[in-house]
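My entries follow in the order in which I looked things up.

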There are 2 protein chains.
Amino acid sequence: MEPNPNLDRLKLLINEAIDLYHMIGLLSWDQQTYMPPGGAPERGHQMATLSRIGHLKFTSDEIGRLLEDLKPYAAEIAPDSDDARLIKVTAHRYEKLIKVPADLVAEFANVTSDAHLVWKQAREKSEFAKFQPYLEKIFELRRRYAALFVPYDHIYDPLLDDYEPGLKTAEVQAIFSTLRPQQVELIRAITERPQVDDSFLHQPYDEQKQWDFGVEVITRFGYDWKRGRQDRATHPFTIDFGTGDVRITTRFLPNYFASAFFSTTHECGHALYAQGINPNLDRTTLGDGASLGIHESQSRLYENLIGRSRDFWVHFYPRLQEYYQAQLGNIPLETFYKAINKVEPSLIRVEADEATYNLHIMLRLELEIALIEGSLEVKDLPDAWNNGMRAYLGVTPPNDSQGVLQDIHWSHGYIGYFSTYALGNLIAAQLWECVNRDIPDLHDQIRRGVFADLTGWMQEKIHRHGKKFEPQELVQRVTGNKIDPGPYIRYLTTKYGEIYGL
Amino acid sequence: MEPNPNLDRLKLLINEAIDLYHMIGLLSWDQQTYMPPGGAPERGHQMATLSRIGHLKFTSDEIGRLLEDLKPYAAEIAPDSDDARLIKVTAHRYEKLIKVPADLVAEFANVTSDAHLVWKQAREKSEFAKFQPYLEKIFELRRRYAALFVPYDHIYDPLLDDYEPGLKTAEVQAIFSTLRPQQVELIRAITERPQVDDSFLHQPYDEQKQWDFGVEVITRFGYDWKRGRQDRATHPFTIDFGTGDVRITTRFLPNYFASAFFSTTHECGHALYAQGINPNLDRTTLGDGASLGIHESQSRLYENLIGRSRDFWVHFYPRLQEYYQAQLGNIPLETFYKAINKVEPSLIRVEADEATYNLHIMLRLELEIALIEGSLEVKDLPDAWNNGMRAYLGVTPPNDSQGVLQDIHWSHGYIGYFSTYALGNLIAAQLWECVNRDIPDLHDQIRRGVFADLTGWMQEKIHRHGKKFEPQELVQRVTGNKIDPGPYIRYLTTKYGEIYGL
């Protein structure tokens, strides 16, 4: 192939824009880890300035012209090549961005900035009415945003597309309507069985040992410390500035073992993905995960399908007992395994166990869709929330703080985000069935604490492609099917059937 | 005064440019503290991208037009007002920047980037010949740079002006030619006296206690932890992103007490300056120290005039003895005081004591001036260096690593920087005489570990003005004189005369 000067120029401009986005990432990392409180006001200005410049860079006329000029070239080259995909993904992002008028961008930024502050106060006092007008405005602005992308099958499609490129509302609804009754039924069956005891997880666990054990495990998973680091943060997250610098954060509860450990393995899943992307895609629009759902499949796989499996603990439980002789020395592996897999319908999503988690998500998705369609009004949201919780989980929030006000997402205007959490669980289970077919002795490897083949498989099948493929396309390529709730239902039913003797 | 829309627009553009510069600062802070090694290549790209965008922002035609349009307005308003000074300082910086052709900027960046790598290798192997062609190129490029600013009194003036706005080569030469013979004579007299014993400073000193004691002291100095933090770095530095976020770094030698402690107090001096600037100047070209020399006056004042004074240790030595009972429990205050003030001519600038330090600087300044004038050739530099060391300090470097190759500055192309270190010492002594006149019981306050009046005085006289005044103007305003070596000579002679019984 001849070198193409338009493509080279496009790449140069993209490189610069991605540098800026990565720098916003560093500002955010610093803000959540080390920034002193006095830095907050100026940090806000810095973020706004960089976002503005990054947006201008990415939506420049020159990028538009280059993308237009490159259309015939892109049609000639191999459709799965890095260059063809770079042009495609960049064009999609560019076309979405330029359709949004600057005043709508500004209004949305202002409203969500205010809304976030009001939400905090509203949650503290459990006063939904305070937050209601802001949330109404947010949904109105998101409807105006979505309307810019007519024609669409569903007004929620453009919103979902921001997080799951190419995925349609109808697809997600179909997936969830298969999943929901089966998962509701499973939970109901579990709650009728005798409960497991996890009280020994709730006692003092030395923080430094929690840190050390977590580090030991994720090092085995394959996290590369030369291209990463771990720090403390109030709300754990993973962030990357290219494949060479992928950072995780965690937090510790001094009186509970499971919180930091599963958070660390979760973030490690995200980090392995970011470290595993082909470095040739660095500083481009492809140097990222395929979608939030695919990303979440990796974090949930290492957190749950590995981290909460019996096989994993066959190897690591004796080691954990060495760390915590007093706490766990007399607790058998089987008891520990059941404790970390205790299922209990509860009010708060982020504290939900593996089996109930998706139901929290499905409720949010239904409400979001109803709100954006207009079939539900914001003022009726708390009742709808509470009814949903009763129907799916059999629990009723005593107030809005522990109900409809619990999540940060809507206050930031992230409409379309929630379903990615549940999709991640489903995709993880699909990949899990495949990798177990491809590596027949995987269970045995895990029982020996060996993860090289597993992580290598994920890198080969998922990580290295970065954002080249849309999530449905990627799942189809790897598993032979689109996103499908079947494997997840089989996984839950088998695992929890055994634990709870169903 | 009517609001001026041109001025408002100028401020907005400056705000954005300063945001970008502060972000380059954060990239640098992160690189020197927490960045994993794998992040280095992309970090280089990020820095280059931000520098390029920042430069374009600051040198935009619009800023040029606004500055031109604002000239009559600036002439009308009070000349010492923030607005008048903002216009003046911004115009000075703008005019310097736009005079430099883009290809010279690029060539200088490339040459210094290579030169820095070669310097590292050359220093390791003590092979000046390796570094010589790069240093020749650097001086050639700096001559071309300086030549852009004709007419000047001396070709070194535009270089010096980058670090000490407004200061002339002839002024620095006059100051140093007064200072040099007196300081050489003092050192000679000291070396003829019996040496003090500081061996007890060289033994294991627990690192955490070093950290805690340092924190205790700088908290008393007035360092505001809500607007700052301390981290470890190989080469300690202070950096700020506005007055709300001023960070210091330090490093610890496990077998030597004085290194980290005096480094911490030094950086604290810089940090008090940055925290003390009027917050109204944040995000502007005035939100910085007046010059490197003025900045260094603050760091050297807290490090030496306070930190190495008997008064200071009258209060803090008993506390330090509590931390290090085994090491210092039997060492009297007087012995400790002499040990931390031991004078010994040595080869390495950064390890030099307070009394010999300036001689290292004066040698470098003379050589720089001779090289830029062309009266000295780079190939003859090692000999000139060694001769200078013998003449001023009575020591001869055994090789170039411990001689002409020791400093990083020239490899980065920082020509004109060194003198600021010595000027800082002189200005510190000038301020010290003034503050002692204004606060008659200052010695007594320090003996009680009280620094509020001292730091308050510095904030009032120096810090709050930021970059509003050029260094000579500021020193004149505060002390009634321009930069003057007299107070420093008096300080050295009195202090070391007493210690060494001269």
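Entry 1. Working in this predicted model, I began with helix α22 of chain A, residues 471–479, and looked up which of its residues are buried: they are Pro471(A), Gln472(A), Leu474(A), Val475(A), Val478(A) and Thr479(A). Looking down the axis of α22(A), I noted that these buried residues fall within an arc of 165 degrees, and therefore they line one face of the helix. I then asked what the buried residues of α22(A) pack against, and found four helices of chain A, namely α9 (169–191), α12 (292–306), α19 (419–438) and α21 (452–461). After α22(A) comes Gly480(A), for which I noted a positive phi, near 85 degrees.

Entry 2. I turned to a pair of helices from the two chains: α1 of chain A (residues 5–33) packs with α2 of chain B (residues 40–58) at an angle of about 105 degrees, and their axes are 9 Å apart. The angle makes α1(A) roughly perpendicular to α2(B). From α1(A) the contact draws on Glu16(A), Asp19(A), Leu20(A), His22(A), Met23(A) and Leu26(A), while α2(B) contributes residues including Glu42(B), Arg43(B), Leu50(B) and Ile53(B).

Entry 3. Last, I looked up how the chains are related: chain B superposes on chain A by a rotation of 180 degrees with 0.0 Å of shift along the axis, at an RMSD of 0.0 Å. The two copies are thus related as by a two-fold rotation axis. I also noted that 100% of the interface residues of chain B are interface residues in chain A as well, so the copies meet through the same surface.

Notes: Residues numbered from 1 in each chain as written. Chains lettered and ligands numbered in written order. Predicted model: local features only at pLDDT ≥ 70, side-chain atom pairs only at ≥ 80, totals over all residues. Heavy atoms only, no water. Buried < 20%, exposed > 50% of the residue type's maximum accessible area, 1.4 Å probe, protein only. Arc of directions from axis to C-beta. Contact = heavy atoms within 4.5 Å. Axes fitted to C-alpha atoms, helices over the stretch in contact; angles between N-to-C directions. Parallel < 35°, antiparallel > 145°, perpendicular 65-115°, else oblique. Least-squares fit on C-alpha atoms with pLDDT ≥ 70 in both.
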